[in-house]
Amino acid sequence: MEYLTIAVPKGNLLDESLKLLEYIGFNTNQLRDESRKLIFTDTKAKIKVVVTRNFDVPVYVEHGACDLGIVGKDIIDEMRPDVMELLDLKYGRCFLCLAGREKNDPKFSNNIRVATKYPNLTSYFLSKEGIRARIIKLHGNIELAPLLGLSTYIVDLVATGRTLKENNLSIIKPFFSSSARLIANPFSWKLKRESMLEFFEKARIFVDERSR
Ligand SMILES: Nc1ncnc2c1ncn2[C@@H]1O[C@H](COP(=O)(O)OP(=O)(O)OP(=O)(O)O)[C@@H](O)[C@H]1O
Ligand SMILES: O=P(O)(O)OC[C@H]1O[C@H](OP(=O)(O)OP(=O)(O)O)[C@H](O)[C@@H]1O
């Protein structure tokens with residue numbers, strides 16, 4: 001059988017993704033070292049693992065540089081890549097929320113600015129709510145923006161709520177619920193049918209066993 005290449009994101013989804021890969025038969029020891037390597041190969045499992053930035057995962061999969069990827073639903077809906085969404089992996093659960101310092105209703109404020117990593121989902125949400133705002137795109141630590149007066153509100157991910165709380169911010173409205181998804185390149189799905197199905201089936205059992 002041919003090799004499968006899977007893009008796995010650094011950060012919040014990495015630990016659980018390594019558990020999934022281990023279950024599928026990939027030896028993750030090489031990934032757990034302090035190595036600077038970017039591609040990890042298991043010749044027995046016939047799997048190559050590429051560790052990338054979260055937002056880059058769909059890019060590698062859409063272009064066929066990777067057959068499979070693991071990425072948050074938030075990123076799929078923000079980027080709308082041309083990939084197949086195969087499976088909800090049920091970890092990396094969080095919500096996209098409108099949050100801020102003030103408890104005022106943003107609908108009744110003028111000239112508000114909303115900082116976010118998710119301009120498309122934010123713009124869709126704000127227009128549905130009838131809120132007129134300027135969106136400011138940032139790449140990380142979104143919670144800083146209202147603290148420094150860069151924006152009035154933010155749209156960011158919330159899991160435990162700890163980051164908001166420690167920065168004196170509160171949720172105004174949660175509007176999108178996310179978890180990690182297994183995605184595939186549509187051509188790889190057809191061309192590497194046998195190994196793709198085997199990977200998918202093992203991943204499905206991994207999810208089922210953990211949700212019991
Ligand atoms: N606190 C959290 N708890 C659980 N899942 C989370 C949490 N924060 C984010 N996620 C999920 O994990 C994904 C990766 O988030 P993470 O914060 O690790 O990466 P990032 O910093 O946004 O990515 P990049 O490195 O590309 O900027 C998110 O897209 C989301 O689906
Ligand atoms: O509700 P909590 O449990 O506090 O989690 C929410 C935080 O987690 C994510 O950031 P992360 O810590 O991954 O860093 P980032 O801002 O660099 O993405 C997210 O962007 C929030 O800041």
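Domain 1 (4-92 + 178-211) and domain 2 (94-177) both contribute residues to the shell around ligand 1, so the ligand lies between them. The model is a predicted one.

The shell around ligand 1 comprises 17 residues, of which Gly11, Asn12, Asn54, Gly72 and Ala159 come nearest. By class, the shell residues are seven nonpolar, eight polar and two charged.

Domain 1 is made of two stretches, 4-92 and 178-211, while domain 2 takes 94-177. The centres of the two domains, taken over C-alpha atoms, are 29 Å apart. Five residues from domain 1 and eight residues from domain 2 make up the contact. On the side of domain 1 that touches domain 2, helix α4 (residues 73-79) gives the largest share, with three residues. That side of domain 1 has no nonpolar residues; two of its residues are polar and three are charged.

Next, the chain as a whole. Its 212 residues include 34% that count as buried. Nine helices and 11 strands are found in the chain. The C-alpha trace spans about 60 × 35 × 35 Å along its principal axes. Among the contacts with a separation of 6 or more, 67% join residues 24 or more positions apart.

Helix α5 (residues 119-129) shows how one element is packed. Which residues of α5 are buried? They are Leu121, Thr122, Phe125 and Leu126. Viewed down the axis of α5, these buried residues fall within an arc of 125 degrees, so they line one face of the helix. Ser127 and Lys128, on the other side of α5, are exposed.

What covers the buried residues of α5? The cover includes helix α4 and the strands β6 (94-100), β7 (112-116), β8 (133-137), β9 (153-158) and β10 (170-178). After α5 comes Gly130, which has a positive phi, near 70 degrees.

Definitions and conventions
Residues numbered from 1 in each chain as written. Chains lettered and ligands numbered in written order. Predicted model: local features only at pLDDT ≥ 70, side-chain atom pairs only at ≥ 80, totals over all residues. Near = placed C-beta within 6 Å. Nonpolar A, V, L, I, M, F, W, Y, C, P; charged D, E, K, R; others polar. Domains from an automatic or database assignment. Contact = placed C-beta atoms within 7 Å. Helix = DSSP H or I, 4+ residues; strand = E, 2+ residues; numbered from the N terminus. Buried ≥ 20, exposed ≤ 12 C-beta atoms within 10 Å, placed from the backbone. Arc of directions from axis to C-beta.
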